[in-house]
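These are my notes from going through one structure, entry by entry. I wrote down what I looked up and what I found.

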Amino acid sequence: MTQKRVDAIEAELRKPYWAPSDRGLRQSFWKAREADRRKTARAGCAAAIVVYIMFSALDVFVVPDVAAYTIAARFAVAILSLAMMEWQFRTNAGADVLDLVCASGIVLGFLGWIVPASFTIEQSVGEYYRIYGAVFMIGANLFFAFRAAVALTTCLSILLTLSATILLSGQGGTVQSLIFGSFYFSCFFFTSYVAMKLENERYRAFLNSYKANLHQEETQAHGQALLKLSYTDALTNVHNRRSVDVKLHEFWSRWQTERRSFAAILVDVDFFKNFNDRHGHQQGDRCLVEVANSLASVAKCADGLVGRYGGEEFIILAPVQTSAAAESLAETVRRTVEQLGIEHGLRRDGHSVVTVSVGVSYTRSDSTTNLERIVHEADRALYAAKSDGRNCVKLFDPKDPNNDDMNETVAALLKIAVERGLVSLVYQPIHGVESGRLEAVETLMRLRSVDGTSVPPSMFIPVAERMGAIVTLGTWAICTVCRDALATGLVPVASVNVSAVQLRNPGFAAAVASILMETGVMGSRLALEITEGLEIDMDLVVLNCIADLKRLGVRIWLDDFGTGFAGLSWLRMIEFDTVKIDKSFLHGINEPKGRLMLLDIITLVRNCGPRILVEGIETADQLKFAQSAGLHQVQGYYVGRPSALSEIVFLQNGKKSSTS
Ligand code: C2E
Ligand code: CA
Ligand code: CA
């Protein structure tokens, strides 16, 4: 659009001056000068009137006999023109009207002087005196800046009147008339020529500055578009992460200086990877756009903003007065997305539409809070929402012991854990039900802080998963198990727990392969436990990793079976070597319903083929149940507590010698 206008201007500038000009551009030219022309017309009118009145003195001197008439006419024209001008100016008349007032003032002024002056008895003096008619032409063409047509008409009427007076007076000879006539005509011609040239120059200057303005506007628009682009997420058109960081700083400084509290709401689309796999990436993108739009509308109503924080993670920043208001806004967000009704088939939690998990944090008068922390807290709340079954809202609770500073300490600890020897392994025996012998051990990780106090896995494992440290820790665990427990032949088989993060980490299977090679351990002696409770999206990345591990001969065990939604579908997808039934089922067998349930689960798993292990054997009765139910392996405090490798081996040897 801008380029079109620039092209039109350039074409106009190239035109010869006699060619008709572009109507639109001409109009813009006059419009651009409108205010200036109005002021000039008014000031010019006043100045011209002063000079016109001053010439009364010359009338008295040159044509004294008719001076009374010329002076009366001068005053009449002056008063009339001045009154007209002021009236039109004050009623906001346009510049064209004001120019017309000036032009008619010139003609009237000229007539008011020339007509009475023509009746002077001093005819030859009067003839010379008429030369001043040229002054009126100069005024019309050069003193004012009329449009060419107005200037020309004014000048022409003066020229014609002057010519008429020459003819009518009939005085003087032909030569004299020729001299005066040609003088008037030359005045008319040259002043009109200069006036047109001036107008043309002004028009060209306008065109050049118009072009420059358009270029500047275009550059500015470009700059603004670029700026917007650098702050906008290309897919969803909401703020990108960089922009969110800037806005977060703004919200934070308003909170610091004016105590204007706000909420940080993290929103994560549930099972999005699964959505992408099922519906395709295009649909996935469309889903994100729809979710982003709905979040944007909720945020707008709350005077806040929405940004894309990661792949399927969004953040809303909005001013709120109380934590309850923050929670209610988050609930609106959750409900709004659910109500979009975007189909998300075959979800393992029973829902059939796209939903979101929401974590909320709000500003508190708590000296320990800082800018990074508010997002960190929302992140933790989001994690809690996901662990709580998703499609729900969790508000960060500073009083929750899980949310205290301990997590930060743990995170710091994990960074130095391997290198400072703060992490260690214990092994829990797994016995064969039939053999009653140690058939395997489960490896469990332990962490102690620098002062020696131990940190429970329930605390450090989630932190390690969140910060990614589990990848290093997990590899370290596999390496240590292979070296200490398997390569030494102390135990026949060892299982190690692996997190979803590890299975998604490219190169995990390769790392396991190289550990097996370095330690010379057969893959079949290593088992990896995948926890069903973890919401792993069984996409291609994970499935390929499992297939690679299986090719190495590594056993894959399904841990905590029955605690999540995924177990059954995983059983169909993956050939597990062993399924570990979660201890909660065993602990419920005192109730007939619980007992029946466990028996049903056992039948179900048995039909799928893998070996069955039951966890949490704490009593002799429970062990008896396991034996009667025909299970393959047992694990629990009754069978053996997690302990150091040497202890397990010692106990094992003790058992052997006591039985032999
Ligand atoms: P898990 O894999 O289900 O491990 C079994 C947990 O149950 C262990 O807790 C163990 O001490 C406990 N346990 C064993 N027998 C009994 C029993 O008879 N009764 C009861 N009430 N509990 C029993 P721990 O060591 O606290 O580990 C907790 C969780 O931490 C583990 O659950 C596992 O999910 C995770 N974890 C431990 N080590 C690792 C690791 O190296 N990597 C990963 N990714 N996770 C680990
Ligand atoms: Ca386990
Ligand atoms: Ca378990």
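**Entry 1. Aspartate 560.** The model I am reading is predicted. I looked up aspartate 560 and found a relative accessibility of 18%. The cut-off for buried is under 20%, so aspartate 560 counts as buried. I located aspartate 560 in strand β11. I then checked its backbone: phi of aspartate 560 is near 55 degrees, a positive value in a residue other than glycine.

**Entry 2. Arginine 390.** I found another positive phi at arginine 390, near 65 degrees, and arginine 390 is not a glycine either. Arginine 390 sits in the loop that runs between α15 (371-387) and β5 (393-395). Is arginine 390 buried or exposed? I read a relative accessible area of 12% for it, which makes arginine 390 buried.

**Entry 3. The shell around ligand 1.** I asked how many residues surround ligand 1. I noted 19, and the closest are Gln428, Arg446, Asp559, Glu618 and Tyr637. By type, the shell holds seven nonpolar, five polar and seven charged residues.

Entry 4. I went through side chains with an N or O atom by the ligand. For glutamine 428, such an atom lies 2.8 Å from a nitrogen atom of ligand 1. For serine 499, the distance to a nitrogen atom of ligand 1 is 3.1 Å.

Which elements give two or more residues to the shell around ligand 1? I listed β7 (438-448), α17 (457-467) and β11 (555-561). The largest share, four residues, comes from β7. Strand β11 is also where I had placed aspartate 560.

**Entry 5. Helix α17.** Just after α17 comes glycine 468, with a positive phi of about 85 degrees.

**Entry 6. Helix α14.** I looked up residues 323-340, which form α14, a helix of 18 residues. From its first C-alpha to its last, α14 reaches 26 Å, close to the 26 Å expected at 1.5 Å a residue. Its buried residues are Ala326, Leu329, Ala330, Val333, Arg334 and Val337. Why do they lie on the same side of α14? They cover an arc of only 140 degrees around the axis, so they share one side of α14. I noted the general rule next to this: an α-helix has 3.6 residues a turn, so residues three or four places apart point the same way.

**Entry 7. Pairs apart in sequence.** I looked up alanine 292, which is in helix α13 (residues 281-301). Its relative accessible area is 0%, so alanine 292 is buried. Alanine 292 and valine 238 are 54 residues apart in sequence, and I read 7.0 Å between their C-alpha atoms.

I looked up glutamine 627 next, in helix α25 (residues 620-628). At 39% relative accessibility, glutamine 627 counts as partly exposed. Glutamine 627 and valine 433 are 194 residues apart in sequence, with 6.0 Å from C-alpha to C-alpha.

Note on methods
Residues numbered from 1 in each chain as written. Chains lettered and ligands numbered in written order. Predicted model: local features only at pLDDT ≥ 70, side-chain atom pairs only at ≥ 80, totals over all residues. Heavy atoms only, no water. Near = heavy atom within 4 Å. Polar contact = N/O pair within 3.5 Å; in protein donor to acceptor, adjacent residues only side chain to side chain. Nonpolar A, V, L, I, M, F, W, Y, C, P; charged D, E, K, R; others polar. Buried < 20%, exposed > 50% of the residue type's maximum accessible area, 1.4 Å probe, protein only. Expected span 1.5 Å × (residues − 1). Arc of directions from axis to C-beta.
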